[in-house]
Amino acid sequence: MAGDTVGQVKDRLTIVDVVGQVVKLRKAGRSYVGLCPFHKEKTPSFHVSLERGSYHCFGCGEGGDIFSFVEKTEGVDFKGALKILAERAGVELVYSGGDKKAKDRAERLRDAMARAEQFYAAQLAEGSAAYGYARSRGLHAETIQDWGLGFAPDAWRVLLEHLAAAGFANDEMLAAGLIKEADGKPGTYYDRFRARLMFPIRDTAGRVVAFTGRALKEDELAKYLNSPETELYRKSEILFGLDRAKDQIRLRGFALLVEGQMDLLMARQAGFANVVAVSGTAFTEAHAKLLKRYAENLLLCLDADTAGLAATQKAALLALAAGMQVKVARLPAGKDPADLVAEDPQEFARALREAAPVVEFFLAELARRERDQHRLVRQAERGVLPLIAAMRSPMEREHFAAVAARALGLSIEAIKEALGRPPRSPRLPRSSRPQPPTEVRLPSERKSD
């Protein structure tokens with residue numbers, strides 16, 4: 001990387017420019033002060049010095065320059081922070097040549113992923129079956145190009161041979177999750193993705209770390225295939241689209257969470273730039289903490305089927321435990337966000353506007369499904385009270401305990417007494433009959449698109 005890139009970035013961006021996008025600052029003498037983003041506080045102890053180009057919190061001790069601030073708030077390494085700031089400053093990143101073997105392993109893997117993205121994108125020709133499928137789902141040509149969608153050819157070693165010609169070894173491609181070793185044939189490798197529409201997954205710095213491939217053959221068992229965990233890709237820490245959504249999440253004050261890539265891209269086309277997707281994995285505690293860096297409010301818009309409701313509940317529990325406030329959008333039965341946007345963008349927007357706090361959403365959902373009052377109370381005890389118990393704020397717990405009491409026709413004392421007991425395993429019923437608890441996940445493979 002050119003030695004003067006860091007200097008150019010610092011020349012064009014001040015510490016106030018960078019910190020001010022995350023922290024509300026006010027002038028105080030020769031410094032700026034605000035509430036620290038790294039710990040909870042009510043009295044500002046976070047100071048920013050324009051002269052020194054640095055920040056320091058007298059409460060928790062965190063401090064540094066624009067690069068360390070982006071590293072901490074965005075969860076990236078120095079090179080990731082440099083990429084983010086260089087793009088913001090309009091500075092071109094120039095990478096030095098040198099011996100490929102001298103590059104560290106992570107950079108080699110990132111290079112392989114970037115070349116794979118370029119290769120797949122070059123295969124997605126207009127008029128092809130893959131391109132036709134993307135357009136048939138409602139994606140605009142500009143969206144396909146802007147998000148780097150591609151096509152993995154229906155061949156066994158085409159990407160492997162392409163990257164090998166570029167100087168990559170099999171162990172590097174294997175470590176990047178781009179190829180697999182054949183069962184029972186040690187030393188024989190083939191492409192992981194074949195005959196699939198490819199969606200690049202990026203980290204918060206915008207670097208490709210993984211892929212999701214949508215099958216184009218009807219006889220494929222796995223409709224969606226995801227990259228395995230690698231040195232670059234930790235599924236529990238990556239949200240699809242967050243690299244593009246984070247500024248809008250801060251600006252709008254909430255994140256919109258959907259399930260799959262197609263849901264996200266269609267929502268983006270409808271004007272919702274603060275949307276992220278879990279993309280074939282479970283929503284995790286790490287995801288909740290990651291989103292909370294940008295906003296304290298989460299709007300869940302997952303599928304309206306039984307599995308989607310169970311996933312909504314689990315995601316809500318994790319987000320509430322992280323200190324977020326959670327609302328849920330009710331979609332028409334049998335519709336996912338991508339379908340609804342394609343059919344009626346205004347109806348999708350209305351569903352988001354009318355989103356209800358998660359406790360109210362599930363109380364209404366249970367009341368709609370369960371006519372027997374006794375079973376309704378039992379289901380609410382298992383599926384709704386854990387949501388209230390997960391809330392950090394005593395005032396919120398008090399408020400929603402009263403909401404639950406009114407909805408169930410019970411006293412608030414009874415609700416509070418139930419909240420004080422050890423929590424039972426939360427679940428929502430598949431029907432009015434008791435059902436055994438099941439593991440809650442968000443596999444994209446179950447989607448029917």
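Q: What is the bridge partner of Phe151 in β9?
A: In β9, Phe151 has Leu197 as its bridge partner. This is a predicted model, where local features need pLDDT of at least 70 and side-chain atom pairs count only at pLDDT 80 or more, while totals for chains, interfaces and linings use all residues. Residues are numbered from 1 along each chain as its sequence is written, and side-chain values use heavy atoms, with hydrogens and water left out.

Q: What makes β6 and β9 a pair?
A: Two strands pair if DSSP finds at least two bridges between them. Strands are DSSP runs (E, at least two residues), and helices are too (H or I, at least four), both numbered from the N terminus. β6 and β9 (residues 196-202) have three bridges, in the antiparallel sense. So the pair meets the cut-off of at least two.

Q: Why is α16 called roughly antiparallel to α17?
A: Axes are lines fitted to C-alpha atoms, for helices over the stretch in contact; angles run from 0 to 180 degrees between N-to-C directions. Under 35 degrees is roughly parallel, over 145 roughly antiparallel, 65 to 115 roughly perpendicular, and the rest oblique. α16 (residues 358-369) and α17 (residues 373-383) pack at about 150 degrees, with axes 10 Å apart. That angle is over 145, so α16 is roughly antiparallel to α17.

Q: Which residues of α16 and α17 meet?
A: Leu363, Leu366 and Ala367 in α16 meet Leu376, Gln379 and Ala380 in α17. A contact means heavy atoms within 4.5 Å. The contact residues divide into five nonpolar, one polar and no charged. Ala, Val, Leu, Ile, Met, Phe, Trp, Tyr, Cys and Pro count as nonpolar, Asp, Glu, Lys and Arg as charged, and the others, Gly among them, as polar.

Q: What makes α16 roughly parallel to α19?
A: α16 and α19 (residues 394-408) pack at about 15 degrees, axes 10 Å apart. That is under 35, so the two are roughly parallel. Val359, Glu360 and Leu363 of α16 contact Phe400, Val403, Ala404, Ala407 and Leu408 of α19. These divide into seven nonpolar, no polar and one charged.

Q: How do you know that α3 and α4 are roughly perpendicular?
A: α3 (residues 66-74) and α4 (residues 78-89) pack at about 105 degrees, axes 9 Å apart. That lies in the 65 to 115 range, so they are roughly perpendicular. The contact residues divide into eight nonpolar, no polar and two charged.

Q: Where is the pLDDT below 50?
A: pLDDT is the predictor's confidence in each residue, from 0 to 100. The chain averages 88, and 91% of residues score at least 70. Residues 98-102 fall below 50. Residues 429-449 stay under 50 as well. Where pLDDT is low, the predicted coordinates should not be read in detail.
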